[in-house]
Each structure stands twice: as C-alpha cells, then as structure tokens.
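These are my notebook entries on one protein chain. I list what I looked up and what I found.

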Amino acid sequence: MPAPTRSRSRHWRWLLIVPTAAPLLTPYANRIEPRVAGVPFFFWYQFACALLAMVVITFVHLVTREDDHE
C-alpha cells in the first residue's frame, strides 16, 4: 500500500519546475512599464518570482514531508 502514496507524492515535486522556469522569462520581462508603486516591471517581476518560489517550495515540502519520514 505505501507504493501508491509514494508515487503520488512524487507528482507534487513537478511543481518545482515553476519557480525554476519563471525567472528564465527575464528577457521578456526586461522592460520598464507597467510600473507598480513607481517600481519598474523588471524589479517587481523578479520579486514576484522570488515570492512564488517560496510559496511553491513550501507547499511541495509540506505535501511531501510525510513520505520523507517513512
């Protein structure tokens, strides 16, 4: 019975591609407009990528941590 649980939790790890791929779009984000609170797009996009990475990595860790303890 533990095998399906283990393989199911491995699928959650595919979400780790999102924080890796988002900063790779930097050439497309290299612009000034639109500004948010006076901050150019490039800077708040990078900040948003960092926040997204923290959220996704935390989520994957919380979902898969039970399998790591077995």
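**Entry 1: Overall fold**

Which pattern does the protein chain follow when read along the sequence? I read it as α-α-α-α. The model is a predicted one, and I keep this in mind throughout. I counted four helices and zero strands in the protein chain.

I then looked up totals. The protein chain has 70 residues, of which 19% count as buried. Its accessible surface comes to about 5600 Å², and carbon and sulfur atoms account for 70% of that area. I also looked at contacts between residues at least 6 apart in sequence: 56% of them join residues at least 24 apart.

**Entry 2: The nonpolar core**

Which residues make up the largest nonpolar core? I found five residues in it: Ala 22, Ala 29, Phe 41, Tyr 45 and Cys 49. Helix H4 gives the most to this core, with three residues. As background, I noted that in soluble globular proteins nonpolar side chains tend to be buried together.

Setting aside neighbours within four places in sequence, I found Ala 29 in contact with Phe 41, Phe 42 and Tyr 45.

A patch of about 390 Å² is made by Trp 12, Leu 15, Val 18, Leu 52 and Phe 59. Leu 15 sits in the loop between helix H1 (2–12) and helix H2 (17–21). Its relative accessible area is 32%, so I recorded Leu 15 as partly exposed.

**Entry 3: The loop between H3 and H4**

Where does Pro 34 lie? I located Pro 34 in the loop between helix H3 (26–29) and helix H4 (41–68). The peptide bond that joins Glu 33 and Pro 34 is cis, with omega about 0°. Pro 34 counts as partly exposed, at 39% relative accessibility.

I then listed what Pro 34 touches. Not counting residues up to four places away in sequence, these are Val 39, Pro 40, Phe 41 and Trp 44. For Trp 44, ten residues from Pro 34 along the chain, I noted a C-alpha separation of 9.9 Å.

Ala 37 lies in this loop between H3 and H4 as well. I noted that Ala 37 has a positive phi of about 55° although it is not a glycine. Most residues other than glycine have a negative phi, and most peptide bonds are trans. Is Ala 37 buried or exposed? With a relative accessible area of 81%, Ala 37 is exposed.

**Entry 4: Salt bridges**

How many salt bridges does the count give? The count comes to one salt bridge. Glu 33 forms it with Arg 35, and the closest N and O atoms are 3.5 Å apart. That separation meets the cut-off, because a salt bridge requires the side-chain nitrogen to be within 4 Å of the carboxyl oxygen. I looked up the exposure of both partners. Glu 33 is partly exposed, with a relative accessible area of 49%. Arg 35 is also partly exposed, with a relative accessible area of 43%.

Thr 64 is in helix H4. Is Thr 64 buried or exposed? I recorded Thr 64 as buried, because its relative accessible area is 4% and buried means under 20%. A polar atom of the Thr 64 side chain lies 2.7 Å from the backbone oxygen of Val 60. I also checked Thr 64 against Trp 12: they are 52 residues apart along the chain, and their C-alpha atoms are separated by 7.4 Å.

Thr 20 is in helix H2. Thr 20 has a relative accessible area of 53%, and I recorded Thr 20 as exposed because exposed means over 50%.

Notes:
Residues are numbered from 1 along each chain as its sequence is written. This is a predicted model: local features need pLDDT of at least 70, side-chain atom pairs count only at pLDDT 80 or more; totals for chains, interfaces and linings use all residues. Side-chain values use heavy atoms; hydrogens and water are left out. Buried means under 20% relative accessible area, exposed over 50%, partly exposed in between (1.4 Å probe, protein chains only). Patches are made of residues with over 30% relative accessible area and no salt bridge: like charges are joined within 9 Å, nonpolar side chains (Val, Leu, Ile, Met, Phe, Trp, Tyr) within 5 Å. Accessible areas come from the Shrake-Rupley method with a 1.4 Å probe; for residues, only the protein chains shown count as cover. Helices (H or I, at least four residues) and strands (E, at least two) are DSSP runs, numbered from the N terminus. A nonpolar core is a set of buried Ala, Val, Leu, Ile, Met, Phe, Trp, Tyr and Cys residues joined through side-chain atoms within 4.5 Å. Contact means heavy atoms within 4.5 Å. A polar contact is a pair of N or O atoms within 3.5 Å; within protein, one must be able to donate a hydrogen and the other to accept it, and residues adjacent in sequence count only if both atoms are side-chain atoms.
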